[in-house]
Structures are given as structure tokens and as C-alpha cells.
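The stops below are intended to be followed in order.

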Amino acid sequence: MLHGLIHSAIHGHPVPAATKAFVAMLLKDYPSRDCVHKVLDEAFLSRLETVKELMGKYASPDFRIAVDSDEREAIQKLNLHSAVLNVKHLLWLIERMVDMRVADNAVKLWSEQVALAADLQKLLTDADMWRNMAPGLPMLVTRCTLRLANSVVIGETLVSRQVRMNLVRSWLPVLNICRDIAQPMHSGYKSTNCQELEETFLQIISTLPVQDAQELLRQCLGFSTRSMDDCPHLVAAFKTWFRRAARAPQGPQGGDD
């Protein structure tokens, strides 16, 4: 029944918003949290695999060679439209999982998506392609990452130090590209998505061992492209690192899980 309800919520129901709200209520009130956890994990993995497959097709050099240009453009448009739809489904599932505090496996899986993040970077560096065929994709991906990362920062989702580090390491390059493409867009996108994710990633970095934090902070220097008065979160993150580094013992850096 739960599988069927989730499927109905994210696939083609005549009134999707109302259906999603009703299913969300049923999931939240279901007596077995473990059962809901399992069903949501399976749904998340299924949608994630679909997104990976679609983005893999976009990025595949074999596909670009094997198909003529007109046919390739039509197929890519279909694939990217499907990718956007499935990322919307992922975001809804993530919101349910975080709300019910069962997002630990989702955070771990998302932190491991190095290949997917690389495929997204290829797409987002092709401005004509994503603006014409998948204009909502940068915002949706940023919101997925933000929702999961923020749940870790505020303690709704507990994961290991390695997962926290991998989450930032995998998705920071995508954030940096999304920040660049957000500049000409309306300020709401920038303030409610990219900047919030910057701040959340910096908070995660502050929980990592000094050496790991140093590596990741260097990749955050692009956050300073705004005026100095507009990036206090970056200034604070570096000051925090310098204080921690001054107190750190010499030798290999450790860290708590």
C-alpha cells in the first residue's frame, strides 16, 4: 500500500499537489517508522537511479557520436525534461524523509554521487542546452542538496564525519557553477538557494578535521565574489579554521564521527 501511495503521489495524478499533501500526511501518521523508512529509501533510490541514467546519456560521448544532430537534440530534450521531472520527485521524497527524520541513507547516497555531479557540471557549463531544455534543473538540484545538508547541520539527520565530508566534496563543484549561472538571474534564486547552501556547507566544513576543512575551504574562495560586506559567512569560516588550526596538535589530524 505504501509503495502504491508514493507512486500515486509522484506520477501523473490529476491533482498532484493535493495528492502529495494527503500522502505526506499518511506517511507521517503511519505507526511503523521503520516501514516508512524502508519504502521511502526504495523510492528515493529508484528515482536517483533514473536521474543518473538520464544524465549519463546526456554526458555520454558515445551517444553524441552515434546519433545525428537533429535526432540527438530531440532525444536530449526528452531526456533532460525527464531528468527535471525526476529531480522534482526526488525533492518531494527528500522533504518527506527529512520531515520524518529518516533521511540518513538518502544523505549517504547523495554524498556518493560523484559521477552524477560531474554529469551535471557538464550540462551546466553548456548554457544554451540547460537554459533551453532544463531551465529549472540548477534550482532543483541546489534545493535537494540544501535540504539534505541543512538537515545534517541542524541535527535532524545524523551521519558520520566521512559522509559529511563526501557530501560537501561531491556537491561543492556543482554549487560553484550554480552560483555563477545564478548571477544574471533574479535575486530570489540566489538568496534562497545558493547562498543558503554556501552557509550550510561552511557549517559542515567547520565540523571536519582541520586538514579536511583546509582542503574544502580553499574550494570555497569563489563565495567571496560578492562584496566583502556580503560574505560574512566566508570570513567567519576562515577565522574559525585559523583558531582551530592554532589549537590543533602537531601530526596527523583526527576527527570524531
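What follows is a tour of selected helices, loops and contacts in this predicted model.

**Stop 1: helix 3 and helix 7**

Select residues 33–59, which form helix 3, and residues 114–124, which form helix 7. Their axes come within 9 Å and cross at roughly 45 degrees. That angle makes helix 3 oblique to helix 7. The crossing of helix 3 past helix 7 is left-handed. To display the contact, show Leu48, Val51, Lys52, Met55, Gly56, Tyr58 and Ala59 on the helix 3 side. Their counterparts in helix 7 are Leu116, Asp119, Leu120, Lys122 and Leu123.

**Stop 2: Arg101**

Next, select Arg101, in the loop between helix 5 (69–99) and helix 6 (104–111). Its phi is near 60 degrees, a positive value in a residue other than glycine. Is Arg101 buried or exposed? Its relative accessibility is 54%, so Arg101 counts as exposed, the cut-off for that class being over 50%.

**Stop 3: helix 9 and the residue beyond**

Move on to residues 137–153, the 17 residues of helix 9. From first C-alpha to last, helix 9 reaches 24 Å, close to the 24 Å expected at 1.5 Å a residue. Why is helix 9 described as largely enclosed by the rest of the structure? The reason is that 12 of its 17 residues are buried. Colour the buried positions of helix 9: Leu137, Pro138, Leu140, Val141, Thr142, Cys144, Thr145, Leu146, Leu148, Ala149, Ser151 and Val152.

**Stop 4: Arg164**

Arg164 is found in helix 10, which covers residues 161–182. Arg164 has 11% relative accessibility and therefore counts as buried, the limit for that class being under 20%.

**Stop 5: helix 12 and helix 13**

Finally, select residues 210–218 for helix 12 and residues 232–247 for helix 13. The two axes come within 10 Å and cross at roughly 150 degrees. Helix 12 and helix 13 are therefore roughly antiparallel to each other, and helix 12 passes helix 13 in a left-handed crossing. Helix 12 contributes Val210, Ala213, Gln214 and Leu217 to the contact. From helix 13, show Ala237, Phe238, Trp241, Arg244 and Ala245.

Terms used. Residues numbered from 1 in each chain as written. Predicted model: local features only at pLDDT ≥ 70, side-chain atom pairs only at ≥ 80, totals over all residues. Heavy atoms only, no water. Helix = DSSP H or I, 4+ residues; strand = E, 2+ residues; numbered from the N terminus. Expected span 1.5 Å × (residues − 1). Buried < 20%, exposed > 50% of the residue type's maximum accessible area, 1.4 Å probe, protein only. Axes fitted to C-alpha atoms, helices over the stretch in contact; angles between N-to-C directions. Parallel < 35°, antiparallel > 145°, perpendicular 65-115°, else oblique. Left-handed = near helix turned anticlockwise from the far one by under 90°. Contact = heavy atoms within 4.5 Å.
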